[in-house]
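My notebook is open and the coordinates are loaded. Here is what I looked up, entry by entry.

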Amino acid sequence: MSIYDTLNDRQKEAVFQTEGPVLILAGAGSGKTRCLTHRVAYLIDEMGVNPWNILAITFTNKAAGEMRERVDDIVGFGSEAIWVATFHSTCVRILRRHIDCLGYETNFTIYDTDDVKSVIKDICKRLDIDTKLLKEKNLMSHISSAKNELVSPMEYELNAFTSGDFMKKKIAMVYKEYELTLKKNNALDFDDLIMKTVELFKARPDVLQYYQERFRYIMVDEYQDTNTAQFELIRLLADRYRNLCVVGDDDQSIYKFRGANIRNILDFEHVYQEAVVIKLEQNYRSTQNVLDAANAVIGNNQRRKAKALWTEKGEGQRIHLRQFDNAYEEAEFIATDIRRKALNGEYEFRDCAILYRTNAQARMLEEKLIFDSIPYDVVGGTNFYSRKEIKDVLAYLKTIDNGRDDVAVKRIINVPKRGVGATTIAKVDDYAAMRDISFFDALCECDQIMAIGKASDKLKAFATMIQAFRSKMEFYTLEDLVNDVLETVRYTDYLEETEDEDGAKDRIDNINEFISKVVDFERTHEQPTLSELLEEIALVADIDGVSGEDNKVLLMTLHSAKGLEFPCVYLAGMEDGVFPSTMAISSEDPIESIEEERRLAYVGITRAMEELTLTYAKSRMLRGETQYNPISRFVREIPKELMDNTLPTTRRMSDEVFDFRPKAVLKPKMTAYADRPFIAKTMSDMERIKEEEGFASRGLEYQVGDRVHHMKYGDGLVKAISREPKDYKVTVEFDQAGQKVMYASFAKLKKL
């Protein structure tokens, strides 16, 4: 039997369509990786394509590793010649060979977010920019967006001065200085890896032609997540032979905040008019009820390519819908339910995942899991390589590898303490700027800097130590180098002196884990170099650390969950104002923002293989304020026959939907009106509410229909008032802040 007989008809069509542009619309769980790997095999075995001429690009190291493993298994001999890599690692390989054409040295450093922030902070200090008004995070975001759109500092500056926007002019100044600093440090940030490769191809047609000839068949996974720079990179590479196969799902485009442009996949046929479009709609992951729920939700989006997932796995369980009074009870139920399923043998802990819209929702869930002794991991916490002790060791290695990296040198000049003060560092910095040399080169010439006095000896000793490490690299293994650095600077002693016992032990354990990583790197590379080690570490993504090996419940945001699957999934916080977020609801373009949030809901729903539970709370503490939000519109978009519970009515959150909660979390209602916020949208609604409540607002100077003022939120219209045991609950639609529900005694609303 042929290996292609295991594919369904649509997958075969995608595999056998080898020539010209191809768009494979692969729905969630439709076997796209299987399709891609079989396509590679078909190109080599049946079409006679040289493995050397094939490039397969994806987004994460994890995905690239899985694809590489499957390609090796299915192709066998010759598969090592195929480039299977992420966008960033592909570009790094190209730039390591050719970036000298752009005036950089090939041993450039790759800056992570912390490094970039450090550079931006120094620049703001030099340019006398107030970071309280223009925060470093905002500057980083604007610069990143500009690079994703291939906008150079010069173009950004021109646009800023043309627009007359004062803040844009400030950002342009920082962007320009930032690029000069990076080049001086022989460093690139993550966005540069793509942007500089595009710049290289446009500046050197001969280099572009070499890679066009090399990569005659190009495949790109997760195409819906590409930004403008990535689109241009692929367009340039594929321009000669046009054998470009892109795989993606517009319904899973959820990274707009990172610069992803959904138009890249939606407009593919306009760019490549001869393109063949193939839809993969058979799902191998989820039950039909889960898929029907996902199809129903995403069907409300206008900007999408029509498709409907189906499966042969059967209907499966209905979607569980659970309502709670507050987030505390919601978290208590989820923890109890997971514990019950584990004790009953229905699922192991590793089979369960709790997904939420924002990281802030994790705290309450963590508390309840700890209380019930349920093992768990939070995805997206501190990256191993972002820990202080690991950053310190890496800074030593970066300084040894690339002395022009000022950020790395300044990080360790006084770690461990060498008695080098901030004033001395500033004077060395001034000398380096005056001579137009790197900070490390200035250290090597510190005896020429008269102003630093006796500190010169300490700086000279540091520079000599780094040069000694460099000279030993000729006969040292990487493990030898790391151990020598740690022993020479007595880094373990430094940790024990500056940390408490437990803290020092944890950090030392992390250092030992890093050494294990170095040893493993040397074992798996034929000719390992320090530059390669640092490069591999720089390209590690948070999600690559997700593993199913430990028997733990995973907690993560919906964005982090993309690409993963679990037998049992809980979607927590399904309320308007939480998911979709208030920001999306009140944005300048709410239709586009809500569609992005709906795609996120689709991603969340389709993570479930067997069982999906949606939970929502009638009240939730957000940013120190108790909010009363209606059930998420995304829940209302799921047909009620797919769920095992009744949806609340449109106007009220009905108490009947509370039946499915465990008895332990039920609490008596204190009044007939407790926990029954409602939204009035027309004056007739308001009149009905007034009659029903009997003008519950006696004692207040305002009532439903009045205009009021709030100190924080400004002016708004009172939509509803309900009596509580000790206060009145007031719903106000504010002109700028949107709808808020608050207690009258705290709100101190003034009638206009």
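**Entry 1: arginine 599.** I listed the contacts of arginine 599 (heavy atoms within 4.5 Å), leaving out residues up to four places away in sequence, and got Asp250, Asp251, Gln252, Ser253, Ile254, Ile262, Ile298 and Asn301. A note on ground rules: this is a predicted model, so local features need pLDDT of at least 70 and side-chain atom pairs count only at pLDDT 80 or more, while totals for chains, interfaces and linings use all residues. Residues are numbered from 1 along each chain as its sequence is written, and side-chain values use heavy atoms, with hydrogens and water left out.

Arginine 599 sits in helix 28, residues 590-605 (helices are DSSP runs of H or I with at least four residues, strands runs of E with at least two, both numbered from the N terminus). I find arginine 599 buried, at a relative accessible area of 3% (buried is under 20%, exposed over 50%, partly exposed in between, with a 1.4 Å probe and protein chains only). Its side chain reaches the backbone oxygen of serine 253 at 2.7 Å. I also checked methionine 167: from arginine 599 it is 432 residues away in sequence and 33 Å away in space, C-alpha to C-alpha.

**Entry 2: aspartate 405.** Next I went to the loop between helix 17 (388-401) and helix 18 (406-412), where aspartate 405 is found. Which side chain of opposite charge is nearest to aspartate 405? I got lysine 398, 5.0 Å away, and aspartate 405 is buried without a salt bridge (a side-chain nitrogen of Lys or Arg within 4 Å of a carboxyl oxygen of Asp or Glu). For charge, Lys and Arg count as positive and Asp and Glu as negative, with His and the chain ends not counted. The aspartate 405 side chain does reach the backbone nitrogen of valine 407, at 3.2 Å.

**Entry 3: salt bridges.** I counted 63 salt bridges in the structure. I picked out glutamate 535 and arginine 96, whose side chains meet at 2.9 Å, N to O. Glutamate 535 belongs to helix 25 (residues 530-538) and arginine 96 to helix 4, so this pair ties together parts 439 residues apart in sequence.

Then I took aspartate 325 with lysine 618, where the closest N and O atoms are 3.4 Å apart. Here strand 9 (residues 320-326) holds aspartate 325 and strand 14 (residues 608-622) holds lysine 618, so parts 293 residues apart in sequence are tied together. Aspartate 325 is buried at 10% relative accessibility, and lysine 618 is buried at 1%.

I also noted a salt-bridge network linking Lys147, Glu179, Asp189, Asp192, Lys196 and Glu199.

Entry 4: In what order do the 6 strands of the open sheet run? I read 3-2-6-7-1-8, with parallel pairing (two strands pair if DSSP finds at least two bridges between them). Strand 3 (83-86) and strand 8 (276-280) are at the edges with a single partner strand each, so one side of each has no neighbour in the sheet. Strand 2 (residues 54-58) and strand 6 (residues 217-220) are joined by 4 bridges, and leucine 55 has isoleucine 218 as its bridge partner in strand 6.

Note on methods
Polar contact = N/O pair within 3.5 Å; in protein donor to acceptor, adjacent residues only side chain to side chain.
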